[in-house]
Amino acid sequence: MPVEDNFSETPDWIEIYNPTQERVVLGDYFLSDNPGDLQLWRFPEDFFIDPGEYLLVYASGKDQVTGSGIHTNFSISSEGEPVILSDKDGNIMDTCVLAPMPYDVSYGRTGQDMTFQY
């Protein structure tokens, strides 16, 4: 079933999971779908993920944070592409290379840090 955002739309989404025992402050982390620009979209400075928790980020291209919705400035191509989590120093923390997929199909990784749907 598609996930609706705070605009009642069903954009692409990325789920970030914190597998550690510590709170992770996200202000120094970035998401990108472009290996040539790892700092394409920065998490808001005051966002965090508690241990064992998930954070849903919409890859809608809207580039805004509104109440319950965090939206990146890019969307995920159904033709397939990488989605990259990096830190402020340009270190890649996680990468998921998505294969071409039909509309309304999700892709997940068990035991990993990021989960994606488009």
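## Contacts of V25

Leaving aside neighbours within four places in sequence, V25 touches E45, F47 and F48, where contact means heavy atoms within 4.5 Å. V25 itself sits in strand β2, residues 24-25. Between the C-alpha atoms of V25 and G90 there are 17 Å, and the two residues are 65 positions apart along the chain.

## Basis of the model

This is a predicted model, in which local features need pLDDT of at least 70 and side-chain atom pairs count only at pLDDT 80 or more, while totals for chains, interfaces and linings use all residues. Residues are numbered from 1 along each chain as its sequence is written, and side-chain values use heavy atoms, with hydrogens and water left out.

## Strands and overall size

The protein chain contains twelve strands and zero helices. Its pattern, read along the sequence, is β-β-β-β-β-β-β-β-β-β-β-β. Strands (E, at least two residues) and helices (H or I, at least four) are DSSP runs, numbered from the N terminus.

The radius of gyration of the protein chain is 13 Å, which agrees with the value near 13 Å for a compact globule of 118 residues. This radius is taken over C-alpha atoms, and the globule rule is 2.2 Å times the number of residues to the power 0.38. Along the principal axes, the C-alpha atoms fill a box of roughly 35 × 30 × 25 Å. Of the contacts with a separation of 6 or more, 51% are between residues 24 or more positions apart.

## Surface and charge

Of the 118 residues, 38% count as buried. Buried means under 20% relative accessible area, exposed means over 50%, and partly exposed lies in between, with a 1.4 Å probe and protein chains only. The accessible surface of the protein chain is about 6400 Å², and carbon and sulfur atoms hold 47% of that surface. These areas come from the Shrake-Rupley method with a 1.4 Å probe; for residues, only the protein chains shown count as cover.

## Aromatic pairs

Rings of Phe, Tyr and Trp (its six-membered ring) pair if their centres lie within 6.5 Å; planes under 30 degrees apart count as stacked, over 60 as edge-to-face and the rest as tilted. By this rule there are two aromatic pairs. Y17 and Y54 make a tilted pair, with 4.6 Å from centre to centre and 35° between the planes. This pair links distant parts of the chain, as Y17 belongs to strand β1 (residues 12-17) and Y54 to strand β6 (residues 54-59), 37 residues apart. Y17 is partly exposed, at a relative accessible area of 24%.

W41 and F43 make an edge-to-face pair, with centres 5.0 Å apart and 65° between the planes. W41 is buried, with a relative accessible area of 4%, and F43 is buried too, at 2%.

## Positive phi angles

S8, a residue other than glycine, has a positive phi near 60°. S8 lies in the segment before β1 and counts as exposed, at 54% relative accessibility.

D63, also not a glycine, has a positive phi near 50°. D63 is in the loop between β6 and β7 (64-66), and is partly exposed, with a relative accessible area of 44%.
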